[in-house]
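Biologist: I would like a close look at a single part of this model, and then its setting in the rest of the chain. Please keep the answer plain.

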Amino acid sequence: MFQLGKTIVSEDILQKEFVCNLSACKGACCVDGDAGAPLLEDEVRILEEIYPKVKPFLRKEGIAAIEALGTSVIGTDGTLETTLIDNKDCAYVIFDGKTALCGIEQAYNQGIIDWKKPVSCHLYPIRVKDFTEFAAVNYDKWDICSPACSLGKELEVPVYKFVKEALVRRFGENWYAELEKVAEELKNE
């Protein structure tokens, strides 16, 4: 681990390799697990604002869950997260055949909204845990992502490069430039 500004960063994000492989995993991260996607406080407001524009992209089950529980919920651990359908699929998940996709991202891709999706989804497999004085930036290894690890290894793409856009979105260009410097230093040791 190393400190970068007000973050404590796991070296795994520099050393592990990862490239999402939707053809292999079918978007399992959107339908497996026991909680919704973590949300920042300002994302709760964003979800409320964009919901009317995203709603036409969603499945009837997702719409029913959101209309019954809200565009976000407080999870069992007390944190904010996306709503789930029957404690399984994210309420915002849609399907292209058997592959899970994000209805929010589909609205974004079509220019309907200007917000891509929750930053926690965009960052995955990186998870950020905010504390009072700093944020912990960690690699989240999940068995369902083994095809992504294999593809990342084959293509030689470290986690931090795969999620560059999301890291810049969360921490800024300067933070990412510093991260790249640390990665180069570690590579040259």
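Which residues does K116 touch, not counting residues up to four places away in sequence?

Modeller: This is a predicted model, and what follows should be read as such. K116 touches I104, E105, Y108, H122, E165 and R169, with residues up to four places away in sequence left out of the count. The loop that holds K116 runs between α5, residues 103–109, and α6, residues 119–123. K116 has a relative accessibility of 17%, and because buried means under 20%, this lysine counts as buried.

From that loop the chain can be followed onward through α6. The next loop, between α6 and β9, contains P125. The peptide bond from Y124 to P125 is cis, with omega near 25 degrees. As background, most peptide bonds are trans.

Strand β9, residues 126–130, pairs with strand β10, residues 135–139, in the antiparallel sense, and the pairing is made over five bridges. The two strands are joined by a hairpin of four residues. Within the pair, V128 stands opposite V137 of β10. In a regular strand, side chains alternate between the two faces of the sheet.

S10 lies in the loop between β2, residues 7–9, and α1, residues 12–15. With a relative accessible area of 9%, S10 is buried. The C-alpha atoms of S10 and E133 are separated by 17 Å, and these two residues are 123 apart along the chain.

Strand β7, residues 93–96, and strand β8, residues 99–102, pair in the antiparallel sense over four bridges. A100 in β8 is the bridge partner of F95. Two residues lie between these strands, and in this hairpin G97 takes a positive phi near 70 degrees.

F95 is also one of the contacts of R59. With neighbours within four places in sequence set aside, R59 is in contact with I85, D89, C90, V93, I94 and F95. R59 itself is found in the loop between α3 and α4, where α4 covers residues 60–69.

The loop between β5, residues 84–85, and β6, residues 89–90, is the place of N87. N87 has 64% relative accessibility, and so counts as exposed, the cut-off being over 50%. Its phi is near 60 degrees, a positive value in a residue other than glycine. The C-alpha atom of N87 is 31 Å from that of K16, a residue 71 positions away along the chain.

K26 is another non-glycine residue with a positive phi, of about 60 degrees. K26 lies in the loop between α2, residues 22–25, and α3, residues 41–54. At 36% relative accessibility, K26 counts as partly exposed. For reference, most residues other than glycine have a negative phi.

The setting for these local features is a chain with ten helices and ten strands. Its radius of gyration is 17 Å, close to the 16 Å that the globule rule gives for 189 residues, so the chain is as compact as a globular protein of that length. Along its principal axes the C-alpha trace spans about 55 × 35 × 35 Å. Among contacts with a separation of 6 or more, 66% are between residues 24 or more positions apart.

K116 and S10 are both buried, and buried residues make up 44% of the 189 in the chain.

Terms used
Residues are numbered from 1 along each chain as its sequence is written. This is a predicted model: local features need pLDDT of at least 70, side-chain atom pairs count only at pLDDT 80 or more; totals for chains, interfaces and linings use all residues. Side-chain values use heavy atoms; hydrogens and water are left out. The radius of gyration is taken over C-alpha atoms; the globule rule is 2.2 Å times the number of residues to the power 0.38. Buried means under 20% relative accessible area, exposed over 50%, partly exposed in between (1.4 Å probe, protein chains only). Contact means heavy atoms within 4.5 Å. Two strands pair if DSSP finds at least two bridges between them.
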